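Please examine the structure shown below.

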Amino acid sequence: MERTLIIIKPDGVQRGLVGEIIRRFEQRGLRIVGMKFMQVSRELAEQHYAIHREKPFFGSLVDYITSSPVVVMALEGTNAVQNARNTIGATRPSEATPGSIRGDFALEIGRNLVHGSDSVENGAAEIALWFKPEELIAWERHTDRWIFE
Ligand code: DAT
Ligand code: MG
């Protein structure tokens, strides 16, 4: 089943939105297969955002994600990548639909609360970067057959 990596960024943790954000993914039907609370090293942040290395905002992106602890999750489900991104909302909160996480809780691109993988391949690569294999748990949820067809 498809997987995606979600990060509740430092602003989400500092603002006490961890429960609210997890609730939205759970409510959507995505199944948690990994989750941890951690302080991100600069090395990991630079690897995670390697694709943006040449962008002018790269330094502030790394400063932001390493500024305070984050919650990292691996989520699984039907079209997990796209469905999670829809729940998160557009990168620029000004363009995010009300009802999405960014559309309901964020105003600025540099304080947009959540990361979600942008493709199935990147989802798998990001989960491998952030989690050790033994930190991912394959399990059966009693509600699965009422959520997955
Ligand atoms: P997303 O987080 O929606 O996947 P992205 O991968 O294009 O967006 O960029 C990663 C993060 O970098 C994004 O959450 C916020 C920041 N960012 C992107 N474009 C930016 C820009 N033009 N100016 C400032 N920050 C930007
Ligand atoms: Mg991205």
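The largest pocket holds about 770 Å³ of space. A pocket is an open set of points on a 1 Å grid over the protein atoms alone, where a 1.4 Å probe fits and protein lies on both sides within 12 Å along at least five of seven lines; lining residues have an atom within 4 Å of a point. Of the 30 lining residues, Lys9, Tyr49, His52, Leu61 and His115 are the closest to the centre of the pocket. Elements that each give two or more residues to this lining include helix H3 (42-48), helix H5 (80-88) and strand S4 (114-116), while H7 supplies the largest share, 4 residues.

The model is predicted, with local features requiring pLDDT of at least 70 and side-chain atom pairs pLDDT 80 or more, whereas totals for chains, interfaces and linings use all residues. Residues are numbered from 1 along each chain as its sequence is written, chains are lettered from A and ligands numbered from 1 in the order in which they are written, and side-chain values use heavy atoms, without hydrogens and water.

Ligand 1 sits in the largest pocket, meaning that more than half of its atoms lie within 2 Å of the grid points.

Polar side-chain atoms of Lys9 and of His52 each lie 3.2 Å from an oxygen atom of ligand 1. For Arg85, a side-chain N or O atom is 3.0 Å from an oxygen atom of the ligand.

Note on methods. Polar contact = N/O pair within 3.5 Å; in protein donor to acceptor, adjacent residues only side chain to side chain. Points joined across faces, edges and corners; volume = space filled by probe spheres on them.
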